Amino acid sequence: MKVPESLVAILRCPENHQPLVLADPDTLLELNKKIALNQVSNRGGAIVETEIEAGLIREDRQRLYPVREGFPIMLVDEAIDLV
């Protein structure tokens, strides 16, 4: 499920309040390759085991908030570092 643009426009990072944008397909592809190899953990320290269907990336491109079943998971501990 895709997150409506109208929702993305009002969402902000809960950590530093930067705007968010939808993750592009190439970013998701690379991230999911790493997830398949158990090379990705979230900010809470848990290994991410489930493929990311969609995500919201912070304006500075440092963090991705996963989207599950069309719902953005806007918890700092669930965020994934991209750098």
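This is a predicted model: local features need pLDDT of at least 70, side-chain atom pairs count only at pLDDT 80 or more; totals for chains, interfaces and linings use all residues.
Residues are numbered from 1 along each chain as its sequence is written, and side-chain values use heavy atoms, with hydrogens and water left out.

**Stop 1: E78 and R68**

A salt bridge here is a side-chain nitrogen of Lys or Arg within 4 Å of a carboxyl oxygen of Asp or Glu. R68 lies in strand β3 and E78 in the loop between β4 and β5, so the pair ties together parts that are ten residues apart in sequence. Helices (H or I, at least four residues) and strands (E, at least two) are DSSP runs, numbered from the N terminus. R68 counts as partly exposed, at 40% relative accessibility.

**Stop 2**

Select residues 63–68, which make up strand β3. Five of the six residues in β3 are buried, and the strand is mostly covered. In a regular strand the side chains alternate between the two faces of the sheet.

To find one of the bridges, select A54, whose partner in β3 is V67. The two strands form a hairpin with four residues between them, and in the turn R61 has a positive phi of about 60°.

Move to residues 71–72, strand β4. β4 and β3 are antiparallel, with two bridges between them. Here F71 in β4 stands opposite R68. The hairpin of β3 and β4 has two residues between the strands, and E69 takes a positive phi near 50°.

Then select β5, which pairs with β3 in the antiparallel sense over two bridges. Look for I80 in β5, opposite L64.

**Stop 3: salt bridges**

How many salt bridges are there by this rule? The count comes to nine.

Select E15, R43, R58, D60, R63 and D81, which are linked in a network of salt bridges. Within this group, R58 and D60 form a salt bridge whose closest N and O atoms are 3.0 Å apart. R58 is buried, at a relative accessible area of 5%, whereas D60 is partly exposed, at 30%.

R63 is found in strand β3 and is buried, with a relative accessible area of 12%. The side chain of R63 makes a polar contact of 3.1 Å with the side chain of E15. A polar contact is a pair of N or O atoms within 3.5 Å; within protein, one must be able to donate a hydrogen and the other to accept it, and residues adjacent in sequence count only if both atoms are side-chain atoms.

**Stop 4: the largest pocket**

Stay with α2 and turn to the pockets. The largest pocket has a volume of about 230 Å³. Of the 14 residues that line the largest pocket, L31, K34, D81, L82 and V83 are the closest to its centre. α2 (25–36) and β5 (80–81) are the elements that give two or more residues to this lining, and α2 gives the largest share, five residues.

A pocket is an open set of points on a 1 Å grid over the protein atoms alone, where a 1.4 Å probe fits, with protein on both sides within 12 Å along at least five of seven lines; lining residues have an atom within 4 Å of a point. Grid points are joined across faces, edges and corners, and a volume is the space filled by probe spheres set on the points.

**Stop 5: the second largest pocket**

Finally, select V48, T50, E51, I52 and R68, which lie nearest the centre of the second largest pocket among its 13 lining residues. The volume of the second largest pocket is about 160 Å³.

Note on methods. Buried means under 20% relative accessible area, exposed over 50%, partly exposed in between (1.4 Å probe, protein chains only). Two strands pair if DSSP finds at least two bridges between them.
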